[in-house]
Amino acid sequence: MKQIIIITLIAAGAFACAAREKPEMKSQEKPRAVAKTEAEWRKTLTPQQYKVLCEEGTEPAFTGKYWDNKESGVYRCAACGAPLFSSDEKYESGTGWPSFWAPIEKGAVGEKTDRKLFMVRTEVHCDKCGGHLGHVFNDGPKPTGLRYCINSAALDFEKGETDKP
Ligand SMILES: [Zn+2]
């Protein structure tokens, strides 16, 4: 019995990236523009990227590539390449994670309620592939008052223009 419970937990935790393959596990998930199987994602992502994007992991604060990045450019989804955030909306939150007060455009990221760790938080994911990015909180700066707290591992920074896609 114990084994069954453990297997069920592992299966339930396997992940947004394979949402199309296992739609019964993520009833909230919609079909994605980019849908790959777990094995396909494992091939293209590093273990850390996989842990964040596909298993909703969180990198330790002040360890990621981009929390202190001040260069101009676009932050893309590390899984599918979709533009998600721009340096125009990046700010220093002091948290040790890249923080933005808005996504690059409306609809670039999706949200769902996250009740893990005995907290109610709003999870943020790439709208195109469903990859987990981080969370959004209500303690950000003006004009939105939002703080998108994003894992560096979920992002690929492209230096250059910050124009909206
Ligand atoms: Zn994506």
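How many helices and how many strands are there in the protein? In this predicted model, the protein contains three helices and nine strands, and the elements follow one another from the N terminus in the order α-α-α-β-β-β-β-β-β-β-β-β. The protein has 165 residues, of which 38% count as buried. Among the contacts with a separation of 6 or more, 58% are made by residues 24 or more positions apart.

Confidence was examined before the details of the fold. The mean pLDDT of the protein is 86, and 81% of the residues reach 70 or more. Two stretches fall below 50: over residues 5-15 the pLDDT stays under 50, and the model has five contacts for this stretch beyond four places in sequence, while over residues 19-28 the pLDDT is likewise below 50, with 12 contacts in the model beyond near neighbours in sequence.

The largest nonpolar core comprises 33 residues, and those touching the most other members are Leu53, Cys77, Ala79, Leu84, Cys126, Ile150 and Ala154. Two or more residues of this core are supplied by each of helix H3 (47-55), strand S1 (73-77), strand S2 (83-86), strand S6 (121-126), strand S7 (132-137) and strand S8 (147-150). The largest share, four residues, is that of H3. In general terms, nonpolar side chains of soluble globular proteins tend to be buried together.

Helix H3 was then considered on its own. Its buried residues are Gln49, Tyr50, Val52, Leu53 and Cys54, and what covers the buried residues of H3 includes helix H2 (38-44) and S7. Leu53, buried in H3, is also one of the core residues that touch the most other members. Just after H3, Glu56 adopts a positive phi of about 55°.

Strands S1 and S2, which both contribute to the core, also take part in an open sheet of three strands, arranged in the order S2-S1-S9 with antiparallel pairing. Because S2 and strand S9 (155-159) each have a single partner strand, they stand at the edges, and one side of each is left without a neighbour in the sheet. On average, and with direction ignored, neighbouring strands of this sheet are turned by 30° against each other. Five residues lie between the strands in the hairpin of S1 and S2, where Gly81 takes a positive phi near 85°.

The loop between S1 and S2 also holds Cys80. Cys80 counts as buried because 23 C-beta neighbours lie inside 10 Å, the threshold being 20 or more. Leaving aside neighbours within four places in sequence, the contacts of Cys80 are with Val34, Cys126, Lys128, Cys129 and Gly131. Of these partners, Cys126 is also among the core residues that touch the most other members, whereas Cys129 is 49 residues from Cys80 along the chain, with a separation of 6.5 Å between the two C-alpha atoms.

Notes: Residues numbered from 1 in each chain as written. Predicted model: local features only at pLDDT ≥ 70, side-chain atom pairs only at ≥ 80, totals over all residues. Core = buried A, V, L, I, M, F, W, Y, C linked by C-beta atoms within 7 Å. Buried ≥ 20, exposed ≤ 12 C-beta atoms within 10 Å, placed from the backbone. Contact = placed C-beta atoms within 7 Å. Pairing = 2+ DSSP bridges. Axes fitted to C-alpha atoms, helices over the stretch in contact; angles between N-to-C directions. pLDDT = per-residue confidence, 0-100.
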